[in-house]
Amino acid sequence: LNYVIKDAGNVELSRGAVPVTANGLGGPGTFEATIPLSNILSGAVISIEIQDISPADGQLLAMDSVRLVVK
């Protein structure tokens, strides 16, 4: 999985990997990650997307996001 942080104007601010724990390749799993926000200004409205990207062709398989205000 990958994370992408975007500002309110949909400009990408940060991107990184999210490790997944699963019993087998392609099977169900869980993830937990600390995503650094230290270089994003307090009060900024951002969205954090978690993306599942195909290793075969780079295609977006699934994505979810949340909008929040940085404190």
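The following legends describe close-up views of a predicted model.

Residues are numbered from 1 along each chain as its sequence is written, and side-chain values use heavy atoms, with hydrogens and water left out. Because the model is predicted, local features need pLDDT of at least 70 and side-chain atom pairs count only at pLDDT 80 or more, whereas totals for chains, interfaces and linings use all residues.

**View 1. The hairpin of strands β1 and β2.** Helices (H or I, at least four residues) and strands (E, at least two) are DSSP runs, numbered from the N terminus. Strands β1 and β2 pair in the antiparallel sense over 5 bridges; two strands pair if DSSP finds at least two bridges between them. Within this pairing, N2 stands opposite A17 in β2. The hairpin has 4 residues between its two strands.

**View 2. Residue N10 in the turn of the hairpin.** N10 lies in the loop between β1 (2–7) and β2 (12–17). Most residues other than glycine have a negative phi. N10 is not a glycine, yet its phi is positive, at about 70°. N10 counts as exposed because its relative accessible area is 53%; buried means under 20% relative accessible area, exposed over 50%, and partly exposed in between (1.4 Å probe, protein chains only).

View 3. Strands β1 and β5 pair in the antiparallel sense over 6 bridges, and the bridge partner of Y3 in β5 is I50. Leaving aside neighbours within four places in sequence, K6 is in contact (heavy atoms within 4.5 Å) with V11, E12, L13, V45, I46, S47 and E49.

**View 4. The salt bridge between R15 and E12.** A search of the whole structure finds 2 salt bridges. One of them is formed by R15 and E12, whose closest N and O atoms are 2.9 Å apart. R15 counts as partly exposed because its relative accessibility is 46%. E12 is likewise partly exposed, at 40% relative accessibility.

**View 5. Residue S42 in the loop between β4 and β5.** The loop that holds S42 runs between β4 (29–31) and β5 (45–53). S42 counts as exposed, with a relative accessibility of 58%. The C-alpha atoms of S42 and V70 are separated by 5.1 Å, although these residues are 28 residues apart along the chain. Neighbours within four places in sequence left aside, S42 is in contact with V70 and K71.

**View 6. Residue L60 in strand β6.** Strand β6, in which L60 is placed, comprises residues 60–69. L60 counts as partly exposed because its relative accessible area is 45%. Residues up to four places away in sequence not being counted, L60 touches Q51, D52 and I53. L60 and I40 are 20 residues apart in sequence, and the distance between them in space is 26 Å, C-alpha to C-alpha.

Terms used. Salt bridge = Lys/Arg side-chain N within 4 Å of Asp/Glu carboxyl O.
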